[in-house]
Number of protein chains: 2
Amino acid sequence: VIPSPDRRFVIIAEGMFGGDASKTARGVIKYSSSPTIAVIDSTKAGQTVGDVIGDVASGGHVDIPIVATLDEALALDPRPNTLVIGVAPAGGKLSPAWRSTIVQALEEGLDVVNGLHMFLGDDPEFRDAAARGSARIYDFRRPPERMEVATGREHLPGKRVILTVGTDCASGKMGVSLELTKAAREAGLSAAMVPTGQTGMMIEGWGVAIDRVAADFLQGTVEWLTEQAEQQADWIVVEGQGSLDLFAYSSVTLALIHAARPHAMVMVHQAGREVHHAFESSGRLAKLRSIEDHVQAHETIASLVDPSKVVAIALNTSFYEDDDEARRVIADYEARTGLPTDDPYRFGPGPLFARIREAVAALEPTPA
Amino acid sequence: VIPSPDRRFVIIAEGMFGGDASKTARGVIKYSSSPTIAVIDSTKAGQTVGDVIGDVASGGHVDIPIVATLDEALALDPRPNTLVIGVAPAGGKLSPAWRSTIVQALEEGLDVVNGLHMFLGDDPEFRDAAARGSARIYDFRRPPERMEVATGREHLPGKRVILTVGTDCASGKMGVSLELTKAAREAGLSAAMVPTGQTGMMIEGWGVAIDRVAADFLQGTVEWLTEQAEQQADWIVVEGQGSLDLFAYSSVTLALIHAARPHAMVMVHQAGREVHHAFESSGRLAKLRSIEDHVQAHETIASLVDPSKVVAIALNTSFYEDDDEARRVIADYEARTGLPTDDPYRFGPGPLFARIREAVAALEPTPA
């Protein structure tokens, strides 16, 4: 149902568009096969998406207007028919100021796509509004009914599983996962991306927002998602979450390593970032560990269950406006870590994927 | 409400009493301040608790009869007034054969205490039976409504937080936590145990079964539990869960390390165990890593957020019947790891706690 060519999105990101919390909006604009007609953010009304996030982050969709109200969005031609909650704040709570916009959208017949922890479909006010407008509510973070612990399944023969990991949240793991999957397909391989968060689910149309799954079934759910992908394709890119050194979310990161049991990991890092997103006030605990420490920690932790190597660095160079400077930073990281390094989001994923493919081919076979 | 001196338990562990899955039964029998009147397990009917699990595991409550049916238990004097579901199978599902016993108990007016993932209170058959018998259902694994991510709070001044960790599940972390808390109190310190699983909650009367919490709030919940304990006592022993090398549950273990942020960790290990409980069929992945690897991995992982050391080994020597042999095994582990080692469950927690206290006193102060 989502995505589909008949979906036309209006994305609400009031007061937040372009900021870290609006990564859902950016992901959907850039990657969804459904077009975005407008973004609602009254603090940036009159500008375009390109003005705020530029060409790369919008995937070339620079002309999408930013409007102040839902009414303005509904006056556009074509008229949007689906409202996307475009933010993913820490803890996933709904801003109370957005209630009236959501109610209005539902009453006007727009379906609502929600990735917050708060399920709109469980709220009587929204349910009633949806009934009045014959609209549907999609709560993408609602966990599956399946409640199974991991079994330690082996990968299907010949499959190659890559997990994106990172030094922080909101550093680009989802985008890198999508880009590497695209590159694998362009290289003539059969490839699938495993969405593990709500934005990836909105884009790909399947998956589980694993951070909402009960902890006992977290690893069982990741294993199950990986198995589904292996039944569809040969190269699997599992979307990573969080960071091993982030005190709030590291357990989700570990679950992915121990349950996807990747043949190889790709480390996503935002060059120049030293403090964890959204935890700037947490003092000493918010400091990012070095990329060398991260590589070592990921390999140590993987080896507790099943060995895996970090085979490449996907560097997010968005802090560097100039392309040449970005290339110099990439070369620095490559020299420093000895690992193939590139910004697949900015410069295209083909070259980095080719080097990842080479590294994976050189890996030892899984012990029997 | 639970525990209370007015509670008289009958524990159902049909076909499983004494086995790994009946750790809830054993924990409640040994540690609850509410007496257990009978255990239901028709495969061992006629024996006593002491016959099956012995003096140490029953906490001296060796004479409790094992009966075949609830009717037999209800004929005892004093009559039990609370049915405890005494098992914790992997995945926490209810054995269908137990339904009729639970319905009968509720209809007879017995409250039911349940630690399974399946919530009995949500099941219409049980709810109706409870209404007919004016009985209550306590689903201890129901997560709190609070949904907050971890904030990276600092410990209150002067508090000492110890986390029990282990090389497997069901290896004795809860028992060790209770024993060390008792030893701290006996040493004249104010101490509290933080229950993080359903059995600990039944015994202590508070806590959260963290394996049922949505992953995004797992670390926030552990942080909150630790904070509550710090407000009550000076020495905090946080009950560990799972094992870092167990592919099914390692994320819960990591969450405890990164959110309780212990000053020190105590490693619980069952001497002689080489394969993870309940995962014997999982081949190479079920193999326990060595205790040295575990110590190193725990310290590496802790250091990603906040440094912590393993300061002692609480060795479960239940595979060794002879006390002298157990003492030799303890001495071997102490020599091998260089860490204070004892079996606090078997030989009393006082000596090991004294050595832990010394080690904690010698730790560097937390960096500012």
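1. Chain A contains an open sheet of six strands, ordered E3-E2-E1-E4-E5-E6, with parallel pairing. Strands here are DSSP runs of E with at least two residues, helices are runs of H or I with at least four, and both are numbered from the N terminus. Two strands count as paired if DSSP finds at least two bridges between them. Strand E3 (66-67) and strand E6 (137-139) of chain A are at the edges with a single partner strand each, so one side of each has no neighbour in the sheet.

2. The model is predicted: local features need pLDDT of at least 70, side-chain atom pairs count only at pLDDT 80 or more, and totals for chains, interfaces and linings use all residues. Residues are numbered from 1 along each chain as its sequence is written, chains are lettered from A and ligands numbered from 1 in the order in which they are written, and side-chain values use heavy atoms, leaving out hydrogens and water.

3. Within the chain A sheet, strand E4 (residues 82-85) and strand E5 (residues 111-114) are joined by three bridges in the parallel sense. A:Val84 has A:Val113 in E5(A) as its bridge partner. Helix H1 (residues 23-31) of chain A packs on this sheet and touches strand E1 (9-12), strand E2 (36-40) and E4; the direction of H1 makes about 160° with that of E1(A). Contact means heavy atoms within 4.5 Å. Axes are lines fitted to C-alpha atoms, for helices over the stretch in contact, and angles between N-to-C directions run from 0 to 180 degrees.

4. Helix H4 (residues 99-107) and helix H5 (residues 124-133) of chain A pack at about 25°, with axes 7 Å apart. H4(A) and H5(A) are therefore roughly parallel to each other, a label for angles under 35 degrees. Among the residues that meet are A:Ile102, A:Val103 and A:Leu106 from H4(A), and A:Phe126, A:Ala129 and A:Ala130 from H5(A).

5. Helix H9 (residues 250-260) of chain A is mostly covered, with eleven of its eleven residues buried. Buried means under 20% relative accessible area, exposed means over 50%, and partly exposed is in between (1.4 Å probe, protein chains only). Just after H9(A), A:Arg261 has a positive phi of about 45°.

6. Over all chains there are eight aromatic pairs. Rings of Phe, Tyr and Trp (its six-membered ring) pair if their centres lie within 6.5 Å; planes under 30 degrees apart are stacked, over 60 edge-to-face, and the rest tilted. The rings of B:Tyr249 and B:Phe279 have centres 5.9 Å apart and planes at 75°, so this pair is edge-to-face. B:Tyr249 is buried at 10% relative accessibility, and B:Phe279 is buried at 6%. In chain A, one aromatic cluster is formed by A:Phe247, A:Tyr249 and A:Phe279.

7. In chain B, seven bridges join E10(B) to E11(B), and the two strands run parallel. B:Met265 stands opposite B:Val310 in E11(B). Seven of the eight residues of strand E11 (residues 309-316) of chain B are buried, so this strand is largely enclosed by the rest of the structure.

8. Some backbone points in chain B deserve a check. B:Asp77 and B:Pro78 are joined by a cis peptide bond, with omega about 5°. Although not a glycine, B:Arg261 has a positive phi of about 45°; B:Arg261 is buried, with a relative accessible area of 4%. B:Ala278, also not a glycine, has a positive phi of about 70°, and B:Ala278 is exposed at 55%.

Notes
Parallel < 35°, antiparallel > 145°, perpendicular 65-115°, else oblique.
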